[in-house]
There are 2 protein chains.
Amino acid sequence: MRQSIAGSVTLSDIAERAQVSTSTVSRALSHPDRVARATHERILRIVEEMNYQPNVLARGLRRRQSMIVGLVIADILNDFHATIAKGVQDAAYQRGYTVMFGNTDEDPMREERFLQALNQHRFAGLIIVPTERSRELLARYARTPVVEIDRSSGREDAHVILADNVASSRAVVAHLAQLGHARIAAVTGSRTVTTGAERLQGYLDGMREAGLAVDPGWIAPAARHDEASGFEAMQRLLELPAGRRPTAVFAFNNQVTAGVLRSLKRAAIQVPQQMSLVGFDDSRWAQLMTPSLTVVAQPARDMGYLAAERLFSLIANPDLPGTVTRLATRLVLRESTAAVLSAAGSSSASTVG
Amino acid sequence: MRQSIAGSVTLSDIAERAQVSTSTVSRALSHPDRVARATHERILRIVEEMNYQPNVLARGLRRRQSMIVGLVIADILNDFHATIAKGVQDAAYQRGYTVMFGNTDEDPMREERFLQALNQHRFAGLIIVPTERSRELLARYARTPVVEIDRSSGREDAHVILADNVASSRAVVAHLAQLGHARIAAVTGSRTVTTGAERLQGYLDGMREAGLAVDPGWIAPAARHDEASGFEAMQRLLELPAGRRPTAVFAFNNQVTAGVLRSLKRAAIQVPQQMSLVGFDDSRWAQLMTPSLTVVAQPARDMGYLAAERLFSLIANPDLPGTVTRLATRLVLRESTAAVLSAAGSSSASTVG
DNA sequence: CGTCTCAATGCAATCGTTGTCAGCAATTGT
DNA sequence: ACAATTGCTGACAACGATTGCATTGAGACG
């Protein structure tokens with residue numbers, strides 16, 4: 001049997017073949033219980049035979065809503081974001097939704113234009129890794145279901161899927177402290193995003209719990225979430241006088257970790273012998289590096305999947321009260337962390353301080 | 001001024017405010033030259049004021065075509081594919097098109113379902129990294145513009161954007177030969193995809209040009225395009241008797257390179273001292289590894305951008321004859337390749353062979 | 001001055017689907 | 001046997017934009 005040419009078969013073609021009205025065909029497909037069993041089966045058979053594919057444009061127009069959900073992330077080249085995207089797509093796929101990705105590169109203009117495009121498609125809902133601008137942007141789509149992921153925009157009654165950042169950071173510090181490190185630095189991300197603030201909080205909590213004092217110089221903020229900022233931040237740490245120089249570094253996200261690595265590589269500092277390193281976000285390459293990286297692994301795919309599931313509940317029932325879900329992370333121990341060198345070695349230069 | 005609620009303003013709202021018919025408003029927006037200048041300006045002002053956003057569902061329904069282009073790739077987690085996606089999206093963004101990504105994981109079922117979803121959206125065109133199944137699948141959408149990228153499906157009169165794989169491989173072999181390597185192995189991808197075949201051809205050409213004999217055992221096919229296959233292939237190479245064991249390996253894509261690395265790491269073989277390594281596809285982490293990787297860098301973003309541009313020409317003029325565009329690659333020399341050890345070192349164990 | 005042309009605009013049909021309403025036949029209750 | 005109910009179905013009017021055709025009025029020209 002010849003496959004029909006793409007997209008040419010319509011409801012009324014089916015209706016004609018089945019000797020019923022288009023209404024009945026439509027019902028047979030969307031409300032099977034409102035159609036006689038025999039009719040239903042006959043129609044389904046013909047639909048199959050003619051390879052009918054509903055025109056979602058017409059459907060969306062009529063229903064005033066499409067089966068499209070938007071996903072706004074900063075950078076699809078970032079493993080963490082890409083994995084979230086996969087999780088979202090897997091969930092959407094099962095429910096028959098289509099995902100539209102928007103790569104904003106942290107640029108509010110692009111974010112705005114993408115939201116407009118989505119709006120033109122009468123999208124059903126949105127999953128977003130919010131930036132500072134997002135809150136204001138989202139206000140325009142107040143009636144649309146939104147799930148935030150990774151960070152929180154601070155919108156009231158929002159639905160948010162987060163990693164347990166505080167606990168993660170505490171675990172990292174505990175691990176390093178146990179290895180004998182006392183001078184532990186943090187290369188933080190932007191403090192204005194909740195993720196950065198929480199991770200910093202966890203770091204401070206962890207230090208306190210380990211009974212370690214925090215030198216303000218050890219907190220090196222990376223201006224942006226990119227490799228260059230990480231590089232600069234680590235450079236600043238390396239300029240500290242020997243007695244204050246950290247023996248371990250905790251980098252708050254994968255981009256920044258890359259920058260830190262480059263800085264260490266350039267300064268010919270051996271990891272972990274001269275400097276222990278812990279990163280946020282796992283990835284294929286973190287395992288393959290030499291040394292392989294000790295990292296906090298976030299359940300990115302699950303976060304994406306959960307966010308999508310939450311979004312679908314929200315689409316079905318828009319009045320659900322806001323929720324915040326926190327997922328546990330896993331500290332994956334690899335080769336980039338090791339016991340601190342003997343106190344002699346590290347204190348020999350501390351006469352400077 | 002209050003922003004209107006998302007999506008509620010329609011053509012007739014504008015028409016009413018401007019004291020004209022909806023036809024005129026529509027024309028003012030899509031065919032400005034068919035409307036009096038004064039009317040045009042007045043309408044545009046009102047459109048602006050009321051924040052009108054066209055309903056693309058209605059438009060698509062009427063025009064029987066949407067402003068959506070599909071992009072089918074195997075794995076968004078693969079840097080090469082993700083970069084292509086970015087290029088495509090950048091080009092689409094400028095033209096007002098929306099991109100729908102399909103992650104197939106090389107699964108024909110997923111590919112088929114994604115094409116169906118696109119079809120239901122009356123997509124305007126498709127960019128695809130074809131698999132073996134694609135040719136057959138695409139036959140159903142004969143009237144739809146398609147651009148193939150990275151590989152060729154073998155469809156007649158197809159539009160294809162490729163990297164110059166043969167030349168790339170030859171350059172790799174020449175580089176290794178110049179470093180004194182004679183036993184150069186190739187961890188190939190699937191030979192049934194054109195990319196794999198071409199890279200293999202380039203390897204063979206390169207060896208011939210360098211005056212080097214090829215031991216069939218040096219050609220280690222990776223069953224699939226994934227890390228595990230690369231690992232296994234490298235394991236097989238390492239089992240070769242010392243006299244036949246390669247001193248350099250050329251891995252045909254980035255996934256496979258990862259597997260090769262893992263295998264080498266497990267066998268505690270030093271790169272590049274004991275084994276030189278060249279990979280295909282550059283990425284952020286290839287630069288940060290220790291040693292950093294010598295690779296063939298494909299212009300992935302440009303490939304995506306070009307593919308999209310080609311697609312738009314094709315949408316405007318579907319009868320353009322097929323074209324094949326080949327882009328040059330760049331061999332990026334880094335730390336993973338080095339001169340071969342002295343003949344003594346490598347032949348000392350060759351008594352076994 | 002009458003007719004012809006042409007630019008500008010309006011009218012109305014249409015794209016394919018959905019949902020409301022009403023109608024019809026068969027079944028049930030009395 | 002008749003009314004009430006129930007189960008299916010069809011007719012029809014949207015949804016919002018586009019577009020071929022008809023209409024209008026102003027200016028050109030004989």
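Predicted model: local features only at pLDDT ≥ 70, side-chain atom pairs only at ≥ 80, totals over all residues.
**Backbone details in chain A**

- A cis peptide bond also links T290(A) to P291(A), here with omega near 0°.
- P291(A) belongs to the loop between α12 (284-288) and β10 (294-297) of chain A.
- N51(A) is worth a look too: its phi is near 55°, a positive value in a residue other than glycine.
- You will find N51(A) in the loop that joins α3 (37-50) to α4 (56-63) of chain A.
- As background for these entries, most peptide bonds are trans, and most residues other than glycine have a negative phi.

**Overall form of chain A**

- Chain A contains 14 helices and 12 strands.
- With a radius of gyration of 26 Å, well over the 20 Å that the globule rule gives for 353 residues, chain A is more spread out than a compact globule.
- Along the principal axes, the C-alpha atoms of chain A fill a box of roughly 95 × 45 × 30 Å.
- Three domains are assigned in chain A: domain 1 (11-54), domain 2 (64-163 + 300-328) and domain 3 (165-297 + 332-347).
- Taken over C-alpha atoms, the centres of domain 1 and domain 2 of chain A are 35 Å apart.

**Where chain B meets chain A**

- The contact involves 54 residues of chain B and 53 residues of chain A.
- Together the two chains, B and A, bury about 5,500 Å² between them, and 56% of that lies on carbon and sulfur atoms.
- Within chain B, the residues that lose the most area to chain A are L57(B), Y93(B) and L288(B), together 14% of what that side buries.
- Between chain B and chain A, 16 residue pairs are in polar contact, counting pairs with both residues at pLDDT 80 or more.
- On the side of chain B that touches chain A, at least two residues each come from α4 (56-63), α5 (79-95), β2 (98-103), α6 (108-120), α11 (254-266) and α12 (284-288) of chain B.
- The element that gives the most to this side of chain B is α5(B), with 7 residues.
- By residue type, the side of chain B that touches chain A divides into 22 nonpolar, 19 polar and 13 charged residues.

**Salt bridges**

- In general, side chains of opposite charge can pair when their charged atoms come close.
- Over all chains, a search of the whole structure finds 41 salt bridges.
- Across the interface of chain B and chain A, the rule finds 9 salt bridges.
- One of the pairs is R110(A) with D90(B), whose closest N and O atoms are 3.4 Å apart.
- This pair crosses between chains, going from helix α6 (residues 108-120) of chain A, which holds R110(A), to helix α5 of chain B, which holds D90(B).
- K86(A) also forms a salt bridge with D105(B), and there the closest N and O atoms are 3.2 Å apart.

**A closer look at R183(B)**

- R183(B) is placed in the loop between α8 (165-178) and β6 (184-188) of chain B.
- Which backbone oxygen does the side chain of R183(B) reach at 2.7 Å? It is that of R245(B).
- The side chain of R183(B) also reaches the backbone oxygen of G243(B), at 3.4 Å.
- Between the C-alpha atoms of R183(B) and P221(B), which are 38 residues apart along the chain, the separation is 17 Å.

Notes. Residues numbered from 1 in each chain as written. Chains lettered and ligands numbered in written order. Heavy atoms only, no water. Contact = heavy atoms within 4.5 Å. Buried area = accessible area lost by both parts, 1.4 Å probe. Salt bridge = Lys/Arg side-chain N within 4 Å of Asp/Glu carboxyl O. Polar contact = N/O pair within 3.5 Å; in protein donor to acceptor, adjacent residues only side chain to side chain. Helix = DSSP H or I, 4+ residues; strand = E, 2+ residues; numbered from the N terminus. Nonpolar A, V, L, I, M, F, W, Y, C, P; charged D, E, K, R; others polar. Domains from an automatic or database assignment. Rg over C-alpha atoms; globule rule 2.2 N^0.38 Å.
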